[in-house]
Amino acid sequence: MTQLRCGVLFAAISVPGRLVRATAETGKPEQVDAFLAEALHGGPVIYNRTDHYYALTHPHVAGRWRTPPDAHTRHGGRRLHCLGDDRYLGVPAPGEIDPCTAFIAYWSVPVAAPGELCDPVTVLRVFDVGDYLCGEASA
């Protein structure tokens with residue numbers, strides 16, 4: 001795994017694993033990965049054993065990232081954060097795609113082509129649904 005500085009080639013939107021699994025409506029890693037690939041239109045996503053998924057997006061997003069005060073906090077205080085210039089992200093080797101063999105991190109959705117990244121608006125919309133589902137499950 002290599003540590004890369006966010007804000008140069010990409011920014012990374014951090015999404016708690018619980019929120020991802022609620023949105024995907026499954027806890028099985030391979031099904032979560034398939035869901036993310038479809039929902040985020042093939043944009044690259046890294047899973048880290050800290051139980052966070054990182055949707056890679058355009059580097060300029062971090063400078064403009066503003067989570068609305070009530071977004072992703074209605075059910076348990078979950079929030080999406082965007083890692084920018086001041087942060088580093090552990091990026092797995094290009095072929096590290098198996099959740100069973102990955103030690104620290106793996107590509108939940110591998111990079112399809114250079115410069116192909118997740119749309120930040122899509123990321124927010126997809127996980128707003130997950131936030132709602134988390135609240136419904138605990139109600």
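Buried here means under 20% relative accessible area, exposed means over 50%, and partly exposed is in between, with a 1.4 Å probe and protein chains only. Leu36 is buried by that rule, because its relative accessible area is 1%. I'll come back to Leu36.

Ground rules. This is a predicted model, where local features need pLDDT of at least 70, side-chain atom pairs count only at pLDDT 80 or more, and totals for chains, interfaces and linings use all residues. Residues are numbered from 1 along each chain as its sequence is written, and side-chain values use heavy atoms, with hydrogens and water left out.

Sheet next. Helices (H or I, at least four residues) and strands (E, at least two) are DSSP runs, numbered from the N terminus. Two strands pair if DSSP finds at least two bridges between them. On that basis, 5 strands make an open sheet, ordered S5-S2-S4-S3-S7, with antiparallel pairing. Which strands stand at the edges? Strand S5 (81-83) and strand S7 (105-109) do; each has a single partner strand, so one side of each lacks a neighbour in the sheet. From one strand to the next, the twist averages 30°.

Look at one pair. Pro16 stands opposite His52 in S4.

Now the helices. For angles, axes are lines fitted to C-alpha atoms, for helices over the stretch in contact, and angles run from 0 to 180 degrees between N-to-C directions. Helix H1, residues 17-24, lies across S2 and S4, at about 75° to S2. Helix H2, residues 29-39, lies across strand S3 (45-48), S4 and S7, at about 50° to S7.

How do the two helices pack against each other? H1 and H2 meet at an angle of about 80°, with their axes 10 Å apart. That makes H1 roughly perpendicular to H2. The cut-offs: under 35 degrees is roughly parallel, over 145 roughly antiparallel, 65 to 115 roughly perpendicular, and the rest oblique.

Contact means heavy atoms within 4.5 Å. H1 brings Val20, Arg21, Thr23 and Ala24 to the contact; H2 brings Val32, Phe35 and Leu36. The residues of that contact divide into 5 nonpolar, 1 polar and 1 charged. Ala, Val, Leu, Ile, Met, Phe, Trp, Tyr, Cys and Pro count as nonpolar, Asp, Glu, Lys and Arg as charged, and the others, Gly among them, as polar.

Stay on H2. Its buried residues are Val32, Asp33, Leu36 and Ala39. Down the axis of H2, they fall within an arc of 140°, so they line one face of the helix. The arc is that of the directions from the helix axis to the C-beta atoms. An α-helix has 3.6 residues a turn, so residues three or four places apart point the same way.

Back to Leu36, which sits in helix H2. Leaving out residues up to four places away in sequence, Leu36 touches Val20, His41, Val45, Tyr53, Ser108, Val109 and Phe127. Leu36 and Ala24 are 12 residues apart in sequence, and 7.7 Å apart in space, C-alpha to C-alpha.

Last, the backbone. Most residues other than glycine have a negative phi. Glu25, in the loop between H1 and H2, has a positive phi near 60°. Is Glu25 buried or exposed? Exposed: Glu25 has 63% relative accessibility. His41 lies in the loop between H2 and S3, and its phi is positive too, near 55°. His41 is exposed, at a relative accessible area of 62%.
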